[in-house]
Amino acid sequence: MKNFLDENFLLETKTAERLYHEYAKDMPIIDYHNHLPPDQILNNINFKNLTHAWLAGDHYKWRAMRTNGVNEKYCTGEESDYAKFEKWAETVPYTMRNPLYHWTHLELQRYFGIDKILNADTAKGIYDEASEKLQTPDYNVQGLLGMMKVETVCTTDDPLDSLVHHKEYADRTEAGVNMYPAFRPDKFILIENPAFASYIYRLGDIVGFEIKDFESLMKALRSRANFFNANGCRISDHGLEQIYAADFTEEGASKALKKVLAKEAISKEEELEFKSAVLHSLGVMYSELGWVQQFHVGALRNNNLRAMRELGPDTGWDSIGDFAQAQAMSKFLGKLDEYNQLSKTIIYNLNPADNYLIGTMIGNFNDGSVAGKVQFGSGWWFLDQKQGMEDQMNILSNVGLISRFVGMLTDSRSFLSFPRHEYFRRILCNLFGNDIENGELPNDIEWIGKLVQDISYNNTKNYFGF
């Protein structure tokens, strides 16, 4: 029987152990999609305590705590920092077989050298030890990133953002990790949002001209994209239920926009036409800029209306959706590809029922111009756990080339989340190691070790050009 979370955690064979320890373990990290606050990287802050570093903004933990019967005041409410941590510590033993149990103890080990099991009895000692370390210079943001060999992070940024933190950070010669913005324009696509018109007016104020039709909207978004590009952005990102690819005309999109700005209702058909027009035009723009476009599809968001009203979005009330994906995705990618306007693309899938769909869809548009041009992204959100990662990698192996995969990202708001890359790498090495020992792959450690390093880091660096 193996010990919990020992050096060979998740590695079932000697070959897997060798692949991880000799090839994957020490590779740097490029985290090309996350939600880290740029101001905290710029100011290289120290967190006040473990609650601030670990629980603030972490809807994964809040969701588990609520399920365990913990009152909201200990999640997003006004209880003291230690009271919140104590409730998390009481919840942790009940998270066994949830990835939170692994992540929690990996993070305690990797950042703080704490190998105790977190529970109600150990909570105070762990909280005090970790919080004390977090106050020292070695545990500022740059220190935390350095511990995990993080080389580059790409934050997720609103087109309305001034990027003031990115600009100031780029000017600092002593800066450690590279930080680049990523362009997230969904609020200018989702025309049904009650706040949509206010976003349009704010965008107009920033670009200095009135947005009154589809042409002026795209001119404004291109202005912001050029600004982002000048400040190091090379990636866009979309978090959509599904890809929009209805037939459209600019006139039709303008009509819908004008109606909404005049506070008139639009039909579902007009809504879809507008969304499709904007998304396609953005795709063309990304190609012209040479950016990578990312699509996170399949989330059904804000299911609990009472919680949405009281707490707002991104507080832990989302789930997997069952949206039809294939036809619109094919049409969207195909229309861009037809005129050689399809940029490098990563599609992340949240519904495991669609894994083979996405795995085969990407092969339709990998045209030989770039290795792995269209990617099936790593398991994310509810699928960034052992089974979800294995399923994604096995399906990609079966219908594509896992050897060209750009690997893992955290998609996290926490600076303590980077052991998820280790978690991914261990699972990756275990898959290859098992195949070698089962005789399904040759015992060519040097070549397969290279593939492991490529998936862990090299493919990402080459794909994005960081």
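The side chains of Asn49 and Asp81 are joined by a polar contact of 2.9 Å, a polar contact being a pair of N or O atoms within 3.5 Å in which, within protein, one atom must be able to donate a hydrogen and the other to accept it, residues adjacent in sequence counting only if both atoms are side-chain atoms. The structure is a predicted model, in which local features need pLDDT of at least 70 and side-chain atom pairs count only at pLDDT 80 or more, whereas totals for chains, interfaces and linings use all residues. Residues are numbered from 1 along each chain as its sequence is written, and side-chain values use heavy atoms, with hydrogens and water left out.

Asn49 is located in the loop between helix 2 (38–42) and helix 3 (50–54); helices (H or I, at least four residues) and strands (E, at least two) are DSSP runs, numbered from the N terminus. The side chain of Asn49 also reaches the backbone nitrogen of Thr51, at 3.0 Å. With a relative accessible area of 6%, Asn49 is buried, where buried means under 20% relative accessible area, exposed over 50% and partly exposed in between (1.4 Å probe, protein chains only). When neighbours within four places in sequence are left aside, Asn49 is in contact with Asp81, Tyr127, Ser131, Leu134 and Gln135, contact meaning heavy atoms within 4.5 Å.

The domain assignment divides the protein chain into domain 1 (14–44 + 149–464) and domain 2 (46–139), the bounds coming from an automatic or database domain assignment. The centres of the two domains, taken over C-alpha atoms, are separated by 28 Å. At their interface, 23 residues of domain 1 are in contact with 21 residues of domain 2. About 2000 Å² is buried between domain 1 and domain 2, 57% of it on carbon and sulfur atoms; buried area is the accessible area (1.4 Å probe) that two parts lose on being put together, summed over both. Within domain 1, the residues that lose the most area to domain 2 are Leu416, Arg420 and Tyr423, which together account for 30% of what that side buries.

Eight residue pairs are in polar contact across the interface of domain 1 and domain 2, both residues of each pair being at pLDDT 80 or more. Helix 18 (residues 419–437) contributes five residues to the side of domain 1 that touches domain 2, the most of any element. By class, this side of domain 1 comprises nine nonpolar, seven polar and seven charged residues; Ala, Val, Leu, Ile, Met, Phe, Trp, Tyr, Cys and Pro count as nonpolar, Asp, Glu, Lys and Arg as charged, and the others, Gly among them, as polar. One salt bridge is found across the interface of domain 1 and domain 2, a salt bridge being a side-chain nitrogen of Lys or Arg within 4 Å of a carboxyl oxygen of Asp or Glu. The side chains of Arg110 and Glu422 form a salt bridge with an N to O distance of 2.7 Å.

In total, the structure holds 27 salt bridges. Side chains of opposite charge can pair when their charged atoms come close. In helix 1 (residues 14–24), Arg18 and Glu22 lie four residues apart, about one turn of the helix, and their side chains meet in a salt bridge of 3.2 Å, N to O. Both partners are partly exposed, Arg18 with a relative accessible area of 41% and Glu22 with one of 48%. Because Glu129 and Lys133 are four residues apart in helix 7 (residues 123–134), they are separated by about one helical turn; the closest N and O atoms of their salt bridge are 3.5 Å apart. Glu129 is partly exposed at 31% relative accessibility, as is Lys133 at 24%.

A further salt bridge joins the side chains of Glu288 and Arg222 at 2.7 Å, N to O. This pair links distant parts of the chain, with Glu288 in helix 13 (residues 268–289) and Arg222 in helix 11 (residues 214–230), 66 residues apart. Glu288 is exposed at 54% relative accessibility, whereas Arg222 is partly exposed at 26%.

His166 lies in helix 9 (residues 164–170) and is buried, with a relative accessible area of 3%. Apart from neighbours within four places in sequence, the contacts of His166 are Pro38, Thr155, Asp157, Met179, Tyr180 and Pro181.
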